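I opened this entry to record what I looked up in the model, topic by topic.

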Amino acid sequence: MKVLVFLFGFTVIVATINATCSYCGNSKEDVQEIEYEDLRSLKNDCREYQNNNGPKCSNLVTKIRNILKIVQKYPLYTKEAKQTLKFPDQLNLVDTTEFLANGEIEYRNAILHGMENAVLKDVDFKDINKNLISVHVLLNGAEVTGDYSAANLNKKESGQFYITLKNIEFKTKLILDEFMEILPEIDVNETITVGQHESMYTDGEVLKELKNDNTDVLKPYIYYYNYLNSVLKSRIAKELTVIFRPLIAKRLEQKLNAAIMFPNKDLQIPKAYANIVPGIQVQIYNTLLHDSWNTDKIQKLTNYTDNNDQIEMLFTFALFNVMGSNQWALKYSTRNTYMGKSMFTIDNVQTVLLITKSNTQEAMNVKFVKTTVNGITLMLGNENHCESIRNFAQQRIPYVLEESLKTYFNEQSKIVLRNQIELTGHKYQ
């Protein structure tokens, strides 16, 4: 139905015809049928090899697999990057109790203010080949207000409390292929520090009598020692991760852009032409492969071997259920030109690259690259051309389209794979 709607929407182009249809040719070149292997059935495991330590994958292959995991999440990063940063005006904190040597303090109805002062200082990609990024956030200050109740063996008092936190620094590492979908577990003792903190309580008679077994912690810090290091730090760290998720995703999108074979947009294929029959040139231009919900996109490291002195890796890029459109022109040596538009579908486009790396060489090399295009179905627009012209276009345009796609994906896959490999820290020639 999508194809029919698109087809009927074509603008009618009426070309000026200065000659009869006797110029049209009806000869047909043989097109070799290419056998198609279903990539979705291929295993994505390393080929195991035996040594004294048993089967394993090389460190290089592990890094590449990490990059491929991250690349697969690219659509998620681009979607998240479009979201607006949202700084909460205030955050409600859980009620908690601080237990001391001779009493306790209960914190209730606490509210955290000041998250809008947070700044994403840096996103470091040096460990991206380990599936990690480092995030550094600064928060100049935050305040916590709420109610408290303090009690010892003899007395109890209630009031309000006010805690000020200054120069908060948050540094953590995030697992790239997870943090967009799940809230990461963060060790606040290692990731967040508070440069300065102060407190004020409306009533302090009972507080003055409370003691702590930890003699290194002085009053009034003993009143909120655990509260700060468990509840407050934990909430601040998790909130900062959520707040800056769109901005982190934007940085990721920019970092990975050159390493993406199939971005979430239409692919523009360069103009192509071929002199298939003497005196007739076939041109196709404005060729687009449309990004749609039913287009499957796959990249895999489909095979890996390590022969001690050389590593070989077989990569596959593939598109399934492709829809596209283009414009075409038949140019005759008699200066007659016939133009039109077309819609097409493709069962699959498959590119295979063999990469090698010798132990004596630092860089990797492309040993082999080949693209196959299978199942092209062309639907011409409703231009007012004679039947012979339309038949010729129907026969020839798919051939030129196929060759242009082969050229594009052969070159583009090498560029994209080079950028992916460089993210692992290795060189690619």
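I worked on a 1 Å grid over the protein atoms alone, where a cavity is a set of points at which a 1.4 Å probe fits but cannot get out, and a pocket is an open set with protein on both sides within 12 Å along at least five of seven lines; lining residues have an atom within 4 Å of a point. Grid points are joined across faces, edges and corners, and a volume is the space filled by probe spheres set on the points.

The model is predicted: I took local features at pLDDT of at least 70 and side-chain atom pairs at pLDDT 80 or more, while totals for chains, interfaces and linings use all residues. Residues are numbered from 1 along each chain as its sequence is written, and side-chain values use heavy atoms, with hydrogens and water left out.

**Overall**

I noted seven helices and 15 strands in the protein chain; these are DSSP runs numbered from the N terminus (helices H or I, at least four residues; strands E, at least two). Of the 429 residues, 50% are buried. I use buried for under 20% relative accessible area, exposed for over 50%, and partly exposed for in between (1.4 Å probe, protein chains only). I then looked at contacts (heavy atoms within 4.5 Å). Among those between residues at least 6 apart in sequence, 73% join residues at least 24 apart.

**Cavities**

How many cavities of 30 Å³ or more are there? I counted two.

The largest cavity has a volume of about 70 Å³. Its lining includes Phe 262, Pro 263, Leu 289, His 290 and Lys 297. By class I found five nonpolar, two polar and three charged residues in that lining. For the classes, Ala, Val, Leu, Ile, Met, Phe, Trp, Tyr, Cys and Pro count as nonpolar, Asp, Glu, Lys and Arg as charged, and the others, Gly among them, as polar.

The second largest cavity holds about 30 Å³ of space. Among the residues lining the second largest cavity are Val 135, Phe 170, Leu 240 and Ile 248. Strand E5 (132–152), strand E6 (156–175) and helix H5 (225–243) each supply at least two residues of this lining, and E6 gives the most, with three. The lining of the second largest cavity has seven nonpolar, two polar and no charged residues.

**Second largest pocket**

I put the space in the second largest pocket at about 320 Å³. It has 14 lining residues, and Val 71, Gln 72, Pro 75, Phe 262 and Lys 297 lie nearest its centre. Which element gives the most to this lining? Strand E11 does, with four residues. H2, H3 and E11 (296–306) each supply at least two. I sorted the lining of this pocket into seven nonpolar, four polar and three charged residues.

In helix H3 (residues 74–81) I found Tyr 74, Tyr 77, Thr 78, Glu 80 and Ala 81 buried. Seen down the axis of H3, the buried residues fall within an arc of 165°, so they line one face of the helix; the arc is that of the directions from the helix axis to the C-beta atoms. The buried residues of H3 pack against helix H2 (59–72) and helix H6 (245–256).

Met 180 is in the loop between E6 and helix H4 (188–191). Is Met 180 buried or exposed? Met 180 is buried, because its relative accessible area is 8%. Leaving aside neighbours within four places in sequence, the contacts of Met 180 include Tyr 77 and Glu 80. Met 180 and Lys 73 are 107 residues apart in sequence, yet 8.9 Å apart in space, C-alpha to C-alpha.

Gln 327 sits in strand E12 (residues 310–332) and is buried at a relative accessible area of 19%. Its side chain makes a polar contact of 2.4 Å with the side chain of Asn 286. I count a polar contact as a pair of N or O atoms within 3.5 Å; within protein, one must be able to donate a hydrogen and the other to accept it, and residues adjacent in sequence count only if both atoms are side-chain atoms.

Asn 286 belongs to strand E10 (residues 280–290) and is partly exposed at 44% relative accessibility. Asn 286 is not a glycine, yet has a positive phi of about 50°. Arg 335, also not a glycine, has a positive phi of about 75°. Arg 335 lies in the loop between E12 and strand E13 (337–358) and is exposed, with a relative accessible area of 76%.
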